[in-house]
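User: I'd like to look at this model and hear what the labels mean.

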Amino acid sequence: MAGHTQNEITIAAPVDLVWDMTNDVANWPNLFSEYASADILSREGNKTTFRLTMHPDENGKVWSWVSERETDRDTLSVTARRVETGPFAYMNIRWQYEEVPEGTRMVWTQDFEMKPDAPVDDVWMTDNINRNSKVQMALIRDRIEQAAGEREPVPSLTD
């Protein structure tokens, strides 16, 4: 059995702002609450290889891994995969963006499988990813909407 999740949120901001902020991997610690650091290891064309390090978990363990992320601005999509898979046999993620009347719809689709000796199984990880994705997406939405509000043009007194 493999794990599969799909979560989405609509952000009241232009697609260009959502795209730029969510694809600025080096800034992810300011966008997500779970990452302590994001270190860019290499960039080649539209592909970025980076190390994510999480804040310590409830047991004090710090999780870290290397991922690759390839952006395709023309199709408003991103594909990513873990290079250092840790407890996962594999982890593939697709981000899809869509302009909608309310702003930008962002969808995360994750396909994965836990290794047989992982401390949790696919069902547990599916539930965990679904729970955490909702929290992180809401936080990202709020931070991008705040940034969008700060970029609104201020009318001059002569308008």
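User: How much space lies in the largest pocket?

Analyst: The largest pocket holds about 1000 Å³, counted as the space filled by probe spheres set on joined grid points. This is a predicted model, where local features need pLDDT of at least 70 and side-chain atom pairs 80 or more, while totals for chains, interfaces and linings use all residues. Numbering starts from 1 along each chain, and side-chain values use heavy atoms, without hydrogens or water.

User: What makes a residue part of the lining?

Analyst: An atom within 4 Å of a pocket point; the pocket is an open set on a 1 Å grid, with protein on both sides within 12 Å along at least five of seven lines, for a 1.4 Å probe. Here 37 residues line the largest pocket, and Glu 34, Met 54, Trp 65, Arg 82 and Asn 128 are the closest to its centre. Helix α3 gives the largest share, seven residues. By class, the lining has 22 nonpolar, eight polar and seven charged residues.

User: Why are α1 and α3 called oblique?

Analyst: Their angle is about 125 degrees, with the axes 10 Å apart. Oblique is what's left after under 35 degrees (roughly parallel), over 145 (roughly antiparallel) and 65 to 115 (roughly perpendicular), so α1 and α3 count as oblique. Their crossing is right-handed, meaning the near helix is turned clockwise from the far one by less than a right angle.

User: Which residues of α1 and α3 meet?

Analyst: Leu 17, Val 18, Met 21 and Thr 22 in α1 meet Ile 140, Arg 143, Ile 144, Ala 147, Ala 148 and Arg 151 in α3, with contact being heavy atoms within 4.5 Å. That contact has seven nonpolar, one polar and two charged residues.

Notes: Helix = DSSP H or I, 4+ residues; strand = E, 2+ residues; numbered from the N terminus. Nonpolar A, V, L, I, M, F, W, Y, C, P; charged D, E, K, R; others polar. Axes fitted to C-alpha atoms, helices over the stretch in contact; angles between N-to-C directions.
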